[in-house]
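I'm opening my notebook on a new structure today. I'll jot down what I look up as I go.

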Amino acid sequence: PPPLSRPRFRQSSEAVGNALQRFTNPREGKRRKVGLPALVSANTESGETELGMGLLEEESRTGVRLILENPIEPGTTMRWDVPGTTISGKGVVIFSRAVESSLRVTFVVGVERIDEPRDRLAVLRRWISTDKNPSAAV
């Protein structure tokens, strides 16, 4: 038999904790798994610097998570573009964490998206040009 001091009904601490986390968690909106290679560049004092290819792991309305070969300093403004798609954006690095495996060290980089006015015509032109010229997507 359960002890008399224990309440008969389940504690609501889990429900309260989950509700509290919704209000305190800065992540909002649904995240979409992408898993596609992305061209990444960062704004530096000398201008925009190409960082090469990374992996766009997931995205949401407010940001993205990238896997990169090198760390990026939090506060750095950067761009990402998935060739052959309309997936691209600009944002500020929030965190950069090392992930070690037996083969190498990679970095998980969290980026908060900066709202930019989207030129829908430019997106359409890029989509058409990569559709006509598949080598442009590589």
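**Entry 1: a hairpin to start**

I started at the hairpin of β4 and β5, which has 6 residues between the two strands. Gly84 sits in the turn and has a positive phi of about 80 degrees. Before going on, I noted that this is a predicted model, where local features need pLDDT of at least 70, side-chain atom pairs count only at pLDDT 80 or more, and totals for chains, interfaces and linings use all residues. I also noted that residues are numbered from 1 along each chain as its sequence is written, and that side-chain values use heavy atoms, with hydrogens and water left out.

My terms for this page: helices (H or I, at least four residues) and strands (E, at least two) are DSSP runs, numbered from the N terminus. Two strands pair if DSSP finds at least two bridges between them.

I looked up which residues β4 covers, and it runs over residues 77-81. Met78 and Trp80 make up its covered face, while Thr77, Arg79 and Asp81 are on the uncovered one.

Next I checked the partners of β4. On one side, 4 bridges join β1 to β4, and these strands run antiparallel. Ser41 stands opposite Arg79 there. With strand β5 (residues 88-100), β4 has 5 bridges, also antiparallel. Arg79 turns up again here, with Lys90 in β5 as its bridge partner.

**Entry 2: zooming out**

I counted elements for the protein chain and got 2 helices and 6 strands. Along the sequence the pattern reads α-β-β-β-β-β-β-α.

How do the 6 strands close up, and in what order? They form a barrel in the order β1-β2-β3-β6-β5-β4, with antiparallel pairing. From one strand to the next the twist averages 45 degrees (axes are lines fitted to C-alpha atoms, for helices over the stretch in contact, and angles run from 0 to 180 degrees between N-to-C directions).

I then looked at two more pairings. Strand β1 (residues 32-44) and strand β2 (residues 47-59) pair in the antiparallel sense over 11 bridges. One of these puts Asn43 across from Glu48 in β2. β5 and β6 are antiparallel too, over 9 bridges, and the hairpin that joins them has 4 residues. Val99 has Thr106 in β6 as its bridge partner.

**Entry 3: salt bridges**

My cut-off here: a salt bridge is a side-chain nitrogen of Lys or Arg within 4 Å of a carboxyl oxygen of Asp or Glu. By this rule I get 7 salt bridges.

I picked Arg31 and Glu58, whose closest N and O atoms are 3.8 Å apart. Arg31 lies in the loop between α1 (13-24) and β1, and Glu58 in strand β2, so the pair ties together parts that are 27 residues apart in sequence. Glu58 also meets Arg65 in a salt bridge, at 3.3 Å from N to O. I found both in a network that links Arg31, Lys33, Glu57, Glu58 and Arg65.

Are these side chains buried or exposed? For me, buried means under 20% relative accessible area, exposed over 50%, and partly exposed in between (1.4 Å probe, protein chains only). Glu58 is buried at 7%, whereas Arg31 is partly exposed at 42%.

Glu59 is buried at 11%, and Arg32 is partly exposed at 45%.

**Entry 4: Arg113**

I found Arg113 in strand β6 (residues 105-113). Contact means heavy atoms within 4.5 Å. Leaving aside neighbours within four places in sequence, Arg113 is in contact with several residues, including Glu59, Arg61, Trp80 and Lys90. Its C-alpha atom is 9.5 Å from that of Met78, 35 residues away along the chain.

**Entry 5: whole-chain numbers**

Of the 138 residues of the protein chain, 24% count as buried. Among contacts with a separation of 6 or more, 48% come from residues 24 or more positions apart.
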